[in-house]
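Please look over the model below before reading on. The notes are meant for someone who has not seen it before.

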Amino acid sequence: MKHRSQRLAGLAAAVMILALSASGCGRGEEPDLINGKALFIGKGTCGACHVLSRAGTKGNRGPDLDQAFGPARNVGLGEKTVAGVVQEQIALVRRNSTMPKDLVTGEDARDVAAYVAQVAGQPGKDQGALANAGAPKVSNKPIVAKAGSLKIDADPTGALAFASRKASAGAGAVVFESANKSAVPHNIAVKDSGGKLLGEGPDVKGGASSKFSATLAAGKYTFVCTVPGHEEGGMKGELTVK
């Protein structure tokens with residue numbers, strides 16, 4: 001009788017474990033597409049390396065995800081299969097790959113994979129709450145240099161954006177400074193109208209500031225982040241020097 005009770009207790013425990021496994025944990029089995037898109041655009045920095053039209057990203061260091069999965073989707077490859085492929089690529093980073101290991105993990109990786117699987121190669125735009133998910137708050141109001149110092153901070157969430165798309169300064173010596181509160185490395189640099197790099201600060205994160213100085217004549221310039229893929233991902237703005 002004692003042994004039977006022990007076996008029943010063990011069976012009950014096993015059933016409980018299976019039930020918990022089947023029901024999932026945390027947010028549950030359903031992926032959070034809003035979180036997936038926000039991570040893809042923001043602190044996951046996936047958009048720095050990948051084109052994904054629905055997310056508005058234009059990175060060119062990794063595969064174009066629309067081209068990679070669009071044709072396969074058109075011939076019947078399902079979303080779950082695509083999500084599985086993406087999640088595996090995130091988890092099993094190949095040697096010499098430009099993608100960092102553990103870029104996103106666990107449920108976050110699942111959410112990113114699910115979002116990519118839903119939108120890759122698909123026409124149109126995201127709708128509802130998904131439309132603005134992860135979009136950085138960027139101002140169109142120019143940041144004006146004060147006493148020759150121009151402070152243009154990086155987006156605090158890690159998204160590929162500066163605080164403003166525009167800035168202005170007087171001709172002569174200009175000190176550029178960009179604080180970065182996020183864990184994603186960023187810097188600030190300036191290029192002339194032909195794309196020539198005129199100066200750049202160091203890569204920083206965690207509250208540090210990227211800083212450098214350059215002497216500029218009147219004209220149009222571009223301030224950018226030169227961390228690979230970040231400028232292509234949209235981290236840039238227009239500088240007017242008068």
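Predicted model: local features only at pLDDT ≥ 70, side-chain atom pairs only at ≥ 80, totals over all residues.

1. Residues are numbered from 1 along each chain as its sequence is written, and side-chain values use heavy atoms, with hydrogens and water left out.

2. The protein chain has five helices and 11 strands; these are DSSP runs, numbered from the N terminus, of H or I with at least four residues for helices and of E with at least two for strands. Of its 242 residues, 39% count as buried (under 20% relative accessible area, with exposed over 50% and partly exposed in between, for a 1.4 Å probe and protein chains only). Among contacts (heavy atoms within 4.5 Å) with a separation of 6 or more, 62% are between residues 24 or more positions apart.

3. The largest nonpolar core holds 24 residues, and Leu-150, Ile-152, Phe-176, Leu-216 and Leu-239 have the most contacts inside it. Such a core is a set of buried Ala, Val, Leu, Ile, Met, Phe, Trp, Tyr and Cys residues joined through side-chain atoms within 4.5 Å. At least two of its residues come from each of β5 (166-169), β6 (172-180), β9 (208-216), β10 (219-224) and β11 (236-241). The largest share, three residues, is that of β9. Apart from neighbours within four places in sequence, Leu-216 touches residues including Val-174, Phe-176, Leu-198, Leu-239 and Val-241. A second, separate core has 22 residues, among them Phe-40, Ile-41, Ala-55 and Ala-117.

4. Is Ala-189 buried or exposed? Ala-189 counts as buried because its relative accessibility is 0%. This residue is in strand β7, residues 189-191. Neighbours within four places in sequence aside, its contacts include Leu-197, Phe-212, Phe-223 and Val-224.

5. Helices α2 (residues 33-41) and α5 (residues 106-119) pack with axes 7 Å apart, at an angle of about 90°. The axes are lines fitted to C-alpha atoms, for helices over the stretch in contact, and angles run from 0 to 180 degrees between N-to-C directions. The two helices are therefore roughly perpendicular (65 to 115 degrees; under 35 is roughly parallel, over 145 roughly antiparallel, and the rest oblique). Leu-33, Leu-39 and Phe-40 of α2 are among the residues making the contact, as are Val-112, Tyr-115 and Val-116 of α5. By type, the contact residues are seven nonpolar, three polar and three charged. Here Ala, Val, Leu, Ile, Met, Phe, Trp, Tyr, Cys and Pro count as nonpolar, Asp, Glu, Lys and Arg as charged, and the others, Gly among them, as polar.

6. An open sheet of three strands has the order β4-β6-β9 and mixed pairing, where two strands pair if DSSP finds at least two bridges between them. β4 (149-151) and β9 are the edge strands. β4 and β6 run parallel, joined by three bridges, and Lys-151 stands opposite Glu-177 in β6. β6 and β9 run antiparallel, joined by nine bridges; Ser-178 has Ser-210 in β9 as its bridge partner.
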